[in-house]
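Visitor: I have the structure open and would like to go through how its parts pack together. Could we begin with a pair of helices?

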Amino acid sequence: MTLRRVVVTGLGALTPIGNTVEEYWNSLINGVSGAAPITYFDTTNFKTKFACEVKNFNVEDFIERKEARKMDRYAQYAMVASEEAVNDAGFNMETLDKDRVGVIWGSGIGGLETFQEEVINWANGNGVPKFNPFFIPKMIADIAGGHISMKYGFRGPNFTTVSACASSTNALIDAFNYIRLGHADVMVSGGSEAAVTIAGMGGFNALHALSTRNDDPATASRPMDKDREGFVLGEGAGALILEEYEHAKARGARIYCEIGGGGMSADAHHITAPHPEGLGAKNVMINCLRDAGLKPEDVDGVNMHGTSTPLGDIAESKAILEVFGQHAYTLNLNSTKSMTGHLLGAAGAIETIASILSIKYGIVPPTINHFTDDENIDPKLNFTFNKAQKRDMKVVMSNTFGFGGHNACVLVKKLEE
């Protein structure tokens, strides 16, 4: 069968460095760090006292108070980002066939804060199980997609992908496939996360996964730097409107780019550590290129998973050299997590948006906070350190890898009519 072409017609972002797509992009190209001391709870006894929180956000500016109280923060973030994306796409809601519009969302954890609060309240009580009636529908990881569909009346395919930090990239790939196989004409896709909580910070600290650079949070996320010592936890949401090309063209939509392909793989190695030689990362990029029908030399850049962990950055760099060979030295590589922190299940969505905008504007956002080369990482690779670089970007890959060895990669490319 002939696969249908899929394009991106709308974007929405709520991030630690900007509460709209425009704010997010301006912060990216100017190398702004979103890391700062945590404001949500008392961190006195925590190893890590900072994170990349969403700032200057009042949910009641977007959602009526009564409705907002029925949602965990991760779902609130999803609603705000998806509203920006739907508005950006410019649909005529009177003529749009809502039976052919679906929502596939991603979240690695879902309503962690809600779960935490309800369990603490019960533990501090008299043993009688008094729980909020909205506890379960606020906490479950699929509810964000449900809220989005209910708001707009979108009755097409609707579910949530959970693959840890690869979740929203998996969601995008699923949405892409549903459209190109003919199951839908439009999909709202992306991801959201709100794990900057007592349980989230405490849990990741127990894994020794987080940076503890409390004296200098702004430079704590330093992918590929010799002195990196863990990731910085972030929160927020990214939303994309994926649309069948002819459907978008027929309604005169503004098109950002085309989705070229998606790849998936598993490390089959360890519950948290990457394969030391980057085997899963290598396979996922190869699978993505194969799906897109492109050669390694067609790619201009890779938005790396690049979390700022000692093992992960080395493994991914090795994988890029394996996949791209000598062409790797001509690529613009970057890790926008150096600015946003790691948004876990939402990372793939906001990083795909960054990749799309690098194509639109011909600018590659930097990997900030680089001070010292790591002898275990090839210094000839161009990681776009510390300053954005201008470049005509036609094809960009975005990598996301999750605990459990889940790997997902999506490729976006400049639209060729």
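Guide: This is a predicted model. In it, helix α7 (residues 167-180) and α13 have axes that come within 5 Å and cross at roughly 65 degrees. Angles of 65 to 115 degrees count as roughly perpendicular, and α7 and α13 are therefore roughly perpendicular to each other.

Visitor: Which residues make the contact?

Guide: From α7 they are S168, T169 and L172, and from α13 they are A347, G348, A349 and T352. By class, the contact of α7 with α13 comprises three nonpolar residues, four polar and no charged.

Visitor: Staying with α7, is the helix mostly covered or exposed?

Guide: Helix α7 is mostly covered, with twelve of its 14 residues buried. Among the buried residues are L172, I173, F176 and I179, and also N170, N177 and R180.

Visitor: How far does α7 reach from end to end?

Guide: From its first C-alpha to its last, α7 reaches 20 Å, close to the 20 Å expected at 1.5 Å a residue. After α7 comes G182, which has a positive phi near 95 degrees.

Visitor: Back to α13. At what angle does α1 cross it?

Guide: The axes of helix α1 (residues 21-29) and α13 cross at roughly 75 degrees and come within 11 Å. That angle makes α1 roughly perpendicular to α13. On the α1 side, V21, Y24, W25 and L28 take part, and they meet α13 residues including I350, I353, L357 and Y361. The contact of α1 with α13 has nine nonpolar residues, one polar and one charged.

Visitor: Now the sheet. How many strands are in it, and in what order?

Guide: Ten strands form an open sheet with mixed pairing, in the order β5-β4-β6-β7-β1-β8-β14-β13-β9-β10. The edges are β5 (158-161) and β10 (332-334); each has a single partner strand, so one side of each is left without a neighbour in the sheet. From one strand to the next, the twist averages 25 degrees.

Visitor: In which sense do β6 and β7 pair?

Guide: Strand β6 (residues 186-193) pairs with β7 (residues 236-244) in the antiparallel sense, over eight bridges. As one example, E193 has G236 in β7 as its bridge partner.

Visitor: And which strands does α13 touch?

Guide: Helix α13 (residues 347-361) packs on the sheet and touches β1, β6, β7, β8, β9, β13 and β14. Its direction makes about 170 degrees with that of β13. Helix α3 (residues 73-89) lies across β1, β4, β6 and β7, and runs at about 135 degrees to β1.

Key. Residues are numbered from 1 along each chain as its sequence is written. This is a predicted model: local features need pLDDT of at least 70, side-chain atom pairs count only at pLDDT 80 or more; totals for chains, interfaces and linings use all residues. Side-chain values use heavy atoms; hydrogens and water are left out. Two strands pair if DSSP finds at least two bridges between them. Helices (H or I, at least four residues) and strands (E, at least two) are DSSP runs, numbered from the N terminus. Axes are lines fitted to C-alpha atoms, for helices over the stretch in contact, and angles run from 0 to 180 degrees between N-to-C directions. Contact means heavy atoms within 4.5 Å. Angles under 35 degrees count as roughly parallel, over 145 as roughly antiparallel, 65 to 115 as roughly perpendicular and the rest as oblique. Ala, Val, Leu, Ile, Met, Phe, Trp, Tyr, Cys and Pro count as nonpolar, Asp, Glu, Lys and Arg as charged, and the others, Gly among them, as polar. The expected span of a helix is 1.5 Å times one less than its number of residues. Buried means under 20% relative accessible area, exposed over 50%, partly exposed in between (1.4 Å probe, protein chains only).
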